[in-house]
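I opened this entry to look up the pockets of one structure. My notes follow the display.

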Amino acid sequence: MKVILASQNQHKLVELSAILSQLGFEIALESEYGLHVDVDETGTTFEENSLLKAEAVMKASGLPVLADDSGLMVDSLDGAPGVYSARYGHKNSDAERIGYLLSKPTVILQLHRDLYKFSGKSIGGSFKNSDNVIAEERPDGRKIVARGECPGEILFAPQGTGGFGYDPVFFLPELGKTYAELTPAEKNAISHRARALQAFCRIYQEELEHDDK
């Protein structure tokens, strides 16, 4: 089945294709269909934003559309940057957004050190892809929404050169690596997006089984 990814992000395309190819999905960026749909992400949750993107591109293309919304949620920043992760601090690049993020926790920890886990290296945080939500919308009106979360810690300095977004500072204690230090196979087994995709696959397979009855 041909499916459009409501994104211009080649990294996301690679990650989604690696897992969803098992469903027979042929995924392409919207630009490959000559589309560049500018969606105002006014939602207050990852789910709302992913559905906004999926619906807009689906209406423009007439094809099934996948949309992904995710973000970094740091406990000591009251869940920020959250849905604003991709535009945190109005910065233009991943490196600038990481720098802006790392300028925040130090002050908060000085004021509230007794409230937060502090090892001298990192602070507790979680990278939630609950509404990466992976969302799929189809022209026949059917929708799938799947969520995934991956807990971890935020490092005070980047490590690794892979991935994108906040990957270089999102540390997985059980592996001793950041997202940016994982191989694609490792990341596709454990990441927030991978877990959402795995949930998406289960829901999709259940729909297929129901349709066959």
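How much space lies in the second largest pocket? I found about 190 Å³ there. The model is predicted, so to speak for the record: local features need pLDDT of at least 70, side-chain atom pairs count only at pLDDT 80 or more, and totals for chains, interfaces and linings use all residues. Residues are numbered from 1 along each chain as its sequence is written, and side-chain values use heavy atoms, with hydrogens and water left out.

Terms. I took a pocket as an open set of points, on a 1 Å grid over the protein atoms alone, where a 1.4 Å probe fits, with protein on both sides within 12 Å along at least five of seven lines; lining residues have an atom within 4 Å of a point. A volume is the space filled by probe spheres set on the points, which are joined across faces, edges and corners.

Second largest pocket. I listed 14 lining residues, with V14, E15, G163, P184 and K187 nearest the centre. The most come from α1, four residues.

Largest pocket. I noted a volume of about 860 Å³. Its lining has 36 residues, and N9, K12, E41, K53 and A86 are the closest to its centre. At least two residues each come from α2 (46-61), β4 (71-73), α3 (94-102) and α6 (192-212). The biggest share is that of α2, with three residues.
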